Amino acid sequence: MSKVDVVLGTFYGDEGKGKIIDYLGGKADVALRATGGNNAGHSIEVDGVKYVFHLIPSGILNKGSLAIIGNGVVIDPKVLIEEINSLKEKGKDISLLRISTKAHVIFPYHIEMDKMLEENRGSGKIGTTARGIGPCYCDKYERCGIRIEDLYSDGFYDLLKRNIENKNKIFGLYNYPPLDVDKIYKEYLEYASVIKEYVCDTTTLIHRLIKEDKKIICEGAQATLLDIDFGSYPYVTSSNPTIGGIITGSGINAHDIGEVYGVMKAYSSRVGAGPYVTEQDNKIGDMIRELGHEYGATTKRPRRCGYLDLVALKYAVLVNGITALCMNHLDTIGKLDTIKLCVAYERDGEKTTEFTTNEEELNRSLPVYEEFKGNFGDVSKIRKREDLPVNALKYIKRIEEYVGVPIKFIGVGAGREEMIYEKKLVKRR
Ligand code: IMO
Ligand code: MG
């Protein structure tokens with residue numbers, strides 16, 4: 001029986017999960033996505049070709065690897081088909097893609113609703129990706145959602161009609177134009193026929209694969225502080241990108257989980273609104289954004305940037321049971337003269353090292369920093385941790401000491417090979 005290794009984001013997304021997944025995926029038989037939708041954007045560069053994945057697990061790039069989209073994912077079939085076609089155009093085989101019958105489907109009314117709700121939030125805007133993610137998960141929990149398997153059922157038309165009629169009433173209240181049932185029905189029947197060959201009961205499949213001792217890597221999307229329960233609510237996504245979401249979004253059980261890799265950057269970033277204690281809304285933040293190319297893969301928005309927050313990182317380690325950390329962009333942070341590391345929050349005259357998800361408390365929290373020397377020089381060719389400059393090592397050791405988890409992967413450049421990998425450091429539970 002094999003164990004499922006999981007890759008998760010520790011902060012507000014865009015930690016470079018794709019790069020770690022790409023590295024680990026080379027050794028796996030199966031790549032799995034269990035949460036989120038096409039709000040995710042995972043970029044990978046292979047042999048000079050850039051791939052951006054939104055829905056399909058990026059492990060599909062590995063020859064012979066099964067790529068499973070689990071029940072917890074919300075699927076916009078139009079985007080899925082575009083992704084399939086774009087991979088085919090690049091000569092990739094996608095016959096090993098599998099899509100859960102139970103995954104919920106994003107319809108145009110979800111996307112319209114996402115935009116409409118956001119427009120009406122006034123100063124409380126979340127800054128969603130406007131992909132219909134939140135409204136689709138709402139329907140799932142309201143129990144009127146349409147799943148992949150419903151697309152093939154005789155009741156599909158009636159189900160869709162009921163949904164659109166109800167949504168049109170709401171659109172009417174907001175002076176939004178109504179949507180046409182027949183047009184959407186025809187469009188989605190077409191999508192359904194294109195993806196039919198990939199649809200199956202993925203939960204049964206996954207358990208068969210575990211029994212056959214196949215190595216499965218689960219590709220997390222979004223991140224801990226965007227989690228609907230454990231993130232900075234309401235500035236979060238509408239799902240559980242943390243470890244629990246991986247379980248409910250795929251059907252694996254807690255015993256099936258092996259390593260939990262927490263991906264982080266040597267600094268931090270956030271897209272969209274919400275509290276951000278270590279944000280540098282100044283020249284330092286601008287510098288990190290430019291040096292780290294911090295612009296969204298999904299929405300192209302400039303990311304808010306700041307120093308690494310160990311209070312938040314420690315929280316992510318606890319919530320997810322992270323067994324090893326993967327730190328990207330050591331090269332980027334090493335270009336600063338001085339690097340700051342947040343080791344506590346000061347709030348209402350008191351110091352704390354415990355994270356809070358309360359918005360007002362977060363907004364009142366001031367970062368307490370320790371300073372480190374930067375100017376690491378060119379680290380991109382370094383492949384052994386001990387060969388790193390002493391200033392870089394001091395920074396890394398402080399992070400590990402603080403959170404109590406080893407940093408197994410260190411990204412030293414954007415390229416696939418620009419990585420330091422330390423197998424022996426892994427702490428087993
Ligand atoms: P990856 O997988 C960064 C953010 C959005 C917004 C909030 C809610 O690439 O790390 P949503 O459209 O999900 O309802 O938006 O969540 N967000 C992300 N930020 N990376 C992501 O995914 C994100 N997915 C959602 O910017 O603030
Ligand atoms: Mg992203």
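## Helix packing, ligand surroundings and backbone details

The model is a predicted one, in which local features need pLDDT of at least 70 and side-chain atom pairs count only at pLDDT 80 or more, while totals for chains, interfaces and linings use all residues. Residues are numbered from 1 along each chain as its sequence is written, chains are lettered from A and ligands numbered from 1 in the order in which they are written, and side-chain values use heavy atoms, with hydrogens and water left out. The axes of α5 and α6 come within 10 Å and cross at roughly 135 degrees (lines fitted to C-alpha atoms over the stretch in contact, with angles from 0 to 180 degrees between N-to-C directions). In contact (heavy atoms within 4.5 Å) are F156, Y157, L160, K161 and I164 of α5 with V181, D182, I184, Y185, Y188 and L189 of α6. These residues divide into nine nonpolar, no polar and two charged (Ala, Val, Leu, Ile, Met, Phe, Trp, Tyr, Cys and Pro count as nonpolar, Asp, Glu, Lys and Arg as charged, and the others, Gly among them, as polar).

**Helices α3 and α5.** Helix α3 (residues 108-119) and α5 have axes that come within 11 Å and cross at roughly 20 degrees, and the two helices are therefore roughly parallel to each other. Their crossing is left-handed. From α3, residues Y109, E112, M113 and M116 meet L160, N163, I164, K167, I170 and F171 of α5, a contact with seven nonpolar, one polar and two charged residues.

**Helices α10 and α13.** Helix α10 (residues 310-320) packs against helix α13 (residues 390-403) at an angle of about 50 degrees, with the axes 9 Å apart. That angle makes α10 oblique to α13. The residues L310, V311, L313, K314 and V317 of α10 meet R398, I399, Y402 and V403 of α13, and by class this contact has seven nonpolar, no polar and two charged residues.

Around ligand 1 are 20 residues (each with a heavy atom within 4 Å of the molecule), of which K17, H42, T129, Q222 and T237 come nearest. Among the polar contacts (pairs of N or O atoms within 3.5 Å), an oxygen atom of ligand 1 is 2.6 Å from an N or O atom in the side chain of T237. Backbone polar atoms also take part, with an oxygen atom of the ligand 2.8 Å from one in Q222 and an oxygen atom 3.4 Å from one in G127.

**Backbone details in two loops.** Most residues other than glycine have a negative phi, and most peptide bonds are trans. A cis peptide bond, with omega of about 10 degrees, joins Y233 and P234, and P234 is found in the loop between β10 (216-219) and α8 (243-248) (helices are DSSP runs of H or I with at least four residues and strands are runs of E with at least two, numbered from the N terminus). N175, although not a glycine, has a positive phi of about 60 degrees, and its place is in the loop between α5 (156-173) and α6 (181-195).

Terms used:
Angles under 35 degrees count as roughly parallel, over 145 as roughly antiparallel, 65 to 115 as roughly perpendicular and the rest as oblique. A polar contact is a pair of N or O atoms within 3.5 Å; within protein, one must be able to donate a hydrogen and the other to accept it, and residues adjacent in sequence count only if both atoms are side-chain atoms. A crossing is left-handed if the near helix is turned anticlockwise from the far one by less than a right angle, and right-handed if clockwise.
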